[in-house]
Amino acid sequence: MKSFLTKNVFLIIIMVIAAALRFYQFGQDHPSLFVDEVSNGYNAYSILKTGRDEYGNFLPLVIRSFGDYNPALSAYLLIPSIAVFGLNESGVRFPSALLGTLTVLLTYFLVLKLLRNNKIALFSSFFLAISPWHLQFSRYDHEANFMVFFGVLGIVLFLHSSKNLRLLIASTLSFGLALNSYQGAKIWIPVLLTVIFLFYHKEVLAFRHKLVYPFIILLIFCFPIILNFKSSLIRGQSVGILGTQKPLETFITGYLSHYNPNFLFTSGDNIGRHSVPGMGELYIFEAPLIVLGLLFLVRQKTRAPKFLLAWLLVAAIPPATAVPTPHALRGLTFIPIWSIVAACGASVIFSAKIKGGAKKGLVFILAAVAFYNIVTYFHLYYKHYPKEKAPDWSDGYKEMVQAVDKIKDGYSSIAISSYYGHPYIFTLFYGKYDPVKYQPQSADQTKFDKFEFFGPSWKKTKPGKALVVTPEWQAHPDKVLKQIYSINGDLRFNISETEQ
Amino acid sequence: MKIFLLIIFSAVIISVRANASLPICNLDTAKQAIPPRIFAEQTIDGRDQNITLTRFLHNKIGIYASEFSRCYANVFDPNFIYHTVGIVGIITWLYFVYQIIQRKYYFLLIVLLALPLLPFLKFSLLPILFAYKLFAIIGLGFLLSKLK
C-alpha cells in the first residue's frame, strides 16, 4: 500500500485536485440549474418513482425534452444520485462531476499506454484537471460530458485489449453507451471508431471470427437510434448545416473556427453557459506548449502520435455539422486531446538541453504566467461568472418556486409567466411534484393541477384568490407579496396576489 | 509535372479573392477598453475584497495584454487564412510554417510572428494578405519538392 502511494503520489495529487475542482460548491456554482438540467433531473426522478418519464413512457430509450428527443442514457445515469441526494442540484450534477473526475484518470492511462511516458501522462491529466473547458462542463449536467467519459474509456479499454476479448467487449460496451449518450455522439463515435480502425486495424482484425461479438453489441446499441430515427432528426433539422444556404462553406468555416486562437485562448464560446467571459477554453500559457507539442507529435515516426494528431483533426467534424460555431459543448470531442498536446509541449521544455540558467528562466517565466492565468480564471469563475451570467442559468426560478410552494395552499390558482421559458418544468422540479399525479396531465404544458403558465397575459377563470408570478417588466396585481432577485441583484419575478 | 502542379495551384491560391477582413483591433481599441473593463471588473469584485488582490487580478497591464493577445490572435484565425488563400492554400500555409521551423529559417519565422503587429499598429492589412499568399505558394513548393 505504502509503495503504491509513493509510486503514484503525483497522480493521487492530481486526482485530488480534479475532484476538488469539480465537487467544490458544484451545486451552487454555476449559479443555478439550467432548464435542460431540470428537465433531465425531473425525468430521472419520474423514472425512479414510476418507471416512466414525465410523459408516461415506460423506461424510454429517448427522452422528449421541449420538442427535441434526446438519448435517455443521461437521465438513467442521474437516477442513483437522485435516489441518494434527492431531487436537487447535487443529485443532478453529481454524475457529471464524478465522470469528469474519472476522465482525468482515464487520460493518464490513455497517454501512458499510447506514448509510454509517465511524465507526459501526468502533465496531460494535470492540464485536464485544471482545464477551464472541461471544468465548465464537468460542473454542469450535460450528456456531452458522458459522451466524453465513455468515449475515452472505450479507447483506453481497446488499447489494453490486445488479444483479450473481454476487454474488447468492454470497450465496445463503452462506445455503445457513448453512442447513446448525446445527439452529437451519433456523428462523433463513428468518426472516432473509423480513426481507431485506420490506425489499429491489425489489432482489431487479429480477433478474426470473434469480432462478431463486438459487432452484435454495437448493433444492439444502434437499435434505440434506429427505432427513434425520425424523432432524432428533429434536433439536426433545427441546428444542422443542411438547413443553411451554403452547407459546404458553412462546414468549412465551422470546422476551422474550432482552431481559432481567440476561441481557444482569449475569448472562448459566446454562449454564456459555455465559458467564462475574459477567458478562452484553454489557458493562454498553454499556447506555446501546444505549438511545441504539435511539433513534437508531427516529428514522431510511430503510430500513437499520428493517432493523436488524427484525433485532433477529426474532433472538429461533429461540431462543424451544426450552427453556431465555434461551439464549446459540441466541441467536447477535443477533450482530452488539447491537454495531451500541451503536455507533450511541457515535456519538450523540461527535457530541452538549454545551457545555463536560460532553461530555468524560461520555466520560471512560464510558471509565473501560468500561476497568474490559473488564479485569474478561478477568480473570474467563482466571483464574476455567477453575477455576469446568472440570466443564462435560469436564475431566480428556484427561489420563486420555493416561495410559491410555501403559500400555494391558500390559492385556487397560481399563474406563472412563461417569459423566461418553460416554467412548468421548474415548478415540477423545485416543487418535487409527484410524477404519478403529473403524468396524466403532461399532454398540456400550459397547466397542471392549480398551476397555469401564460404568455403575454393571463385571464383568471377560477373563483377565489390567485397568485400571479410575472417578470420584472410586466404589469402585475397591486398586492406584491414577494420579489425575487437574481444573484446579480436584478429583479426577476414579482409574486402578487389578486382576487379579481 | 511538379512545375505544372506548382503553377496550377499557385494560380488557384493567387486567384482566391482576398475578401478576408479582421475586426478593428489596434492600439487605440486596446487603450479604450481599459477604463470600462477595469470599472466593470472592480465593481463586480466589490468593496469587501482586498484592494491589493483586486489590483493584482484587474489591472491595466493585464487588460492591455489581454486586448493585445486578442488582436494578435485575430491574424492567425484559420478562417482569415482560409478566406485569404483558399482551402488548398491553408494546407500549404500550415506546411510552410512547419517547414520554416524544421529548417530553422528563423528570419521567416520572425517575419511571420511580426506580421500581426501591422494591424495592431494601424497599418494596412494588405501586406499580410500578400504575405500569406506568398507563404502558401512557398509551402506548396516545399510540399511538391518532397514528392517523388
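In chain A of this predicted model, the axes of helix H2 (residues 9-23) and helix H5 (residues 89-115) come within 9 Å and cross at roughly 155°, where axes are lines fitted to C-alpha atoms, for helices over the stretch in contact, and angles run from 0 to 180 degrees between N-to-C directions. H2(A) and H5(A) are therefore roughly antiparallel to each other, a term for angles over 145 degrees. The crossing of H2(A) past H5(A) is right-handed, that is, the near helix is turned clockwise from the far one by less than a right angle. Helices here are DSSP runs (H or I, at least four residues), numbered from the N terminus.

On the H2(A) side, A:Leu11, A:Ile14, A:Met15, A:Ala18, A:Ala19, A:Arg22 and A:Phe23 meet A:Ala97, A:Gly100, A:Thr101, A:Val104, A:Leu105 and A:Tyr108 of H5(A); residues are in contact if their C-beta atoms, placed from the backbone, lie within 7 Å. By class, this contact has ten nonpolar, two polar and one charged residues, with Ala, Val, Leu, Ile, Met, Phe, Trp, Tyr, Cys and Pro counted as nonpolar, Asp, Glu, Lys and Arg as charged, and the others, Gly among them, as polar.

Between the domains of chain A, the contact takes 19 residues from domain 1 and 16 residues from domain 2. On the domain 1 side, helix H3 (35-50) and helix H19 (358-388) of chain A are the elements that give two or more residues, and H3(A) gives the most, with nine residues. That side has nine nonpolar, six polar and four charged residues.

In chain B, seven residues of domain 1 are in contact with seven residues of domain 2. H4(B) gives the most to the domain 1 side, with four residues, and that side has five nonpolar, two polar and no charged residues.

The contact between the chains takes 16 residues from chain B and 19 residues from chain A. Helix H2 (27-45), helix H4 (60-74) and helix H5 (78-102) of chain B each give two or more residues to the chain B side, and the largest share, six residues, comes from H5(B). This side divides into nine nonpolar, four polar and three charged residues.

Residues are numbered from 1 along each chain as its sequence is written, and chains are lettered from A and ligands numbered from 1 in the order in which they are written. In this predicted model, local features need pLDDT of at least 70 and side-chain atom pairs count only at pLDDT 80 or more, whereas totals for chains, interfaces and linings use all residues.

Key. Contact = placed C-beta atoms within 7 Å. Parallel < 35°, antiparallel > 145°, perpendicular 65-115°, else oblique.
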